[in-house]
Amino acid sequence: MKTKLLFGVLILFFTLNSCKNEVSKEESTEGKDNFSVVIEGVFEKNDKLQVFYLLDGQDWSEENSIAQAIYASKDMQKIELDFPKNIKLKNVRVDLGFNPTQSYVTIKNISLKYKNEIIDGDLEGYILYFTPNEFVTWDRNYFGYKLNTIDNKYDPFMIGNELFMDKLAIMMEKKQE
């Protein structure tokens, strides 16, 4: 009798647990209801990564940004930053750091996601969508980006170009549907 009861409880447990897993799989494939940016790179010094999002009809501003501390590592780090919900996104700017002693970074990926849609910048595909400013130059010997100080200023960033904004506009249209 106890064996049958134990067996019944185990079947019930596994049945309920598998249903729970199915629900969470459905939720994860549908995606989040907000934009997020994924950045993968090597940052060899402690720093802060900041991502600005340009909203339709507004200028770039600190209040329309999200930031995260980056800890020094020679290994590739994957950072995913979520934007607020219900925004009309027009462009994205990725500030590569505030630490002027961070002289080099390696970037593998900058991608933008919304639900099941993605502007995929993985495997260095981001170079099609993002343009570095004058503080960021390609270093062939390092095979990565050199972050420069110019006239005692340090502001290295990569900004979405026309192709990125076109793809983002298509993504925004799908979001409105």
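**Aromatic rings and their surroundings**

Tyr145 counts as buried because its relative accessibility is 6%, where buried means under 20% relative accessible area, exposed over 50% and partly exposed in between, with a 1.4 Å probe and protein chains only. Trp138, by contrast, has 41% relative accessibility and therefore counts as partly exposed. This is a predicted model, in which local features need pLDDT of at least 70 and side-chain atom pairs count only at pLDDT 80 or more, while totals for chains, interfaces and linings use all residues. Residues are numbered from 1 along each chain as its sequence is written, and side-chain values use heavy atoms, with hydrogens and water left out.

Searching the whole structure gives six aromatic pairs, a pair being two rings of Phe, Tyr or Trp (its six-membered ring) whose centres lie within 6.5 Å, with planes under 30 degrees apart counted as stacked, over 60 as edge-to-face and the rest as tilted. One of them is the tilted pair of Phe130 and Phe164, with 4.8 Å between centres and 45 degrees between the planes. This pair links distant parts of the chain, since Phe130 belongs to strand E8 (residues 130–132) and Phe164, 34 residues apart from it, to helix H2 (residues 162–176); helices (H or I, at least four residues) and strands (E, at least two) are DSSP runs numbered from the N terminus. Phe130 and Phe164 are both buried.

Trp138 and Tyr145 pair edge-to-face, at 5.1 Å centre to centre and 80 degrees between the planes, and together with Phe143 they form one aromatic cluster.

Charged groups also meet rings here: the charged end of Lys48 sits over the ring of Phe98, 4.7 Å from its centre, and Arg93 lies over the face of Phe52, 4.4 Å from the ring centre. A charge sits over a ring if NZ of Lys or CZ of Arg is within 6 Å of the ring centre and within 35 degrees of the ring normal.
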